[in-house]
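Open the structure in your viewer and keep the selection tool at hand. Each stop below tells you what to pick and what is there.

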Amino acid sequence: MADPTDPTTSGPEETSPTRRPRAQAPARQDGASDPTGGKEEPGLLGQLFAPVAGFGVTFAQQFRKVPTQEYPEEKRPTAKRFHGRHQLNRHPDGLEKCVGCELCAWACPADAIYVEGADNIEGARFSPGERYGRVYQINYLRCIFCGLCIEACPTRALTMTNEYELADDSRRPLIYEKHQLLAPLRSDMLTPPFPMAEGMEERDYYRGHVTGPTQAQKDHVAAREAQAGHAQGDPNHEEVPR
Ligand code: SF4
Ligand code: SF4
């Protein structure tokens, strides 16, 4: 028997499989196998001006308006629903809407939010509910601006602004703290902590029954600020924890 590994072996005893001849592709009628794509070859004049036609595109471009943005001198307006920096909103009297429930942190796919809730105590109320967000951080090195956190927020405390200038040359400033995220106080708002509007419950805040600070709330804040002014020189004085 012939050695099957011997390449010189041939004849009827050869055991190596024989290759089937490659099937010929049927000729297509639509001209796809034609390198010209079925198009007619340009004439001599067409071939002569083909490179010039390419330059024509470049030439026409020189007369178009240059779309250079003079950033940062001129900021480009964003779309109305652009996802920018987050904001922690307030109720009309100045109390915070965040109740420290951490749902935003759980919803975040990038693990960019850190929340620590705390109980509102008598004399130190920051939100109308039982609890408030004592610590609130968003890490903008991780955030992908997907908006899932604002969808998850049950109190509409968290929304997104159109602010997009979130760059820095160091990592630390890009972890935003609560005081950076809180909405600024409007002129008619008070600085928490202070009690809820008298006669109102937490649900009344969400029903829009509170439209601004009451006189009792204003008096409370004024008294607190006067007391803080007196206590500044007192070494035993402690700031209300936030
Ligand atoms: S926008 Fe998306 S990535 Fe950014 S904090 Fe919210 S959930 Fe996380
Ligand atoms: S921002 Fe909204 S979801 Fe996040 S902790 Fe505050 S209330 Fe909860």
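A residue is buried if 20 or more other C-beta atoms lie within 10 Å of its own, exposed if 12 or fewer, and partly exposed in between, with C-beta atoms placed from the backbone. This is a predicted model, in which local features need pLDDT of at least 70, side-chain atom pairs count only at pLDDT 80 or more, and totals for chains, interfaces and linings use all residues. Residues are numbered from 1 along each chain as its sequence is written, while chains are lettered from A and ligands numbered from 1 in the order in which they are written.

**Stop 1: confidence**

Colour by pLDDT, the predictor's confidence in each residue, from 0 to 100. The chain average is 85, and 79% of the residues score at least 70. Now select residues 1–17. Here pLDDT stays under 50, and the model has seven contacts beyond four places in sequence for this stretch. Two residues are in contact if their C-beta atoms, placed from the backbone, lie within 7 Å.

**Stop 2: the elements**

Switch to a cartoon view. The chain has six helices and five strands. Helices (H or I, at least four residues) and strands (E, at least two) are DSSP runs, numbered from the N terminus.

**Stop 3**

Two strands pair if DSSP finds at least two bridges between them. Seven bridges join strand 2 and strand 3 in the antiparallel sense. Zoom in on Ile113: Ile138 of strand 3 stands opposite.

**Stop 3: ligand 1**

Which residues come nearest to ligand 1? Among the 13 residues around ligand 1, they are Cys108, Ala110, Cys143, Cys146 and Cys149. A residue is near a molecule if its C-beta atom, placed from the backbone, lies within 6 Å of it. The shell has 12 nonpolar residues, one polar and no charged ones. Ala, Val, Leu, Ile, Met, Phe, Trp, Tyr, Cys and Pro count as nonpolar, Asp, Glu, Lys and Arg as charged, and the others, Gly among them, as polar.

UniProt, in an unreviewed entry, lists Cys108, Cys143, Cys146 and Cys149 under "binding site". They are spread over 42 residues of sequence but cluster in space, with a largest C-alpha distance of 10.3 Å. UniProt positions use the numbering here, feature names are shortened, and annotations may be inferred rather than shown by experiment.

Select Cys143, in the loop between strand 3 (131–139) and helix 3 (148–152). Cys143 counts as buried because it has 20 C-beta neighbours inside 10 Å. Next comes Cys149, in helix 3. Cys149 is buried too, with 24 other C-beta atoms within 10 Å.

**Stop 5**

Select Cys98, Cys101, Cys104 and Cys153, which UniProt lists for "binding site" in an unreviewed entry. Their largest C-alpha distance is 10.4 Å, although they are spread over 56 residues of sequence.

Is Cys104 buried or exposed? Cys104 is buried, because 24 C-beta neighbours lie inside 10 Å. Cys104 sits in helix 2. Beyond four places in sequence, its contacts include Cys149 and Cys153.
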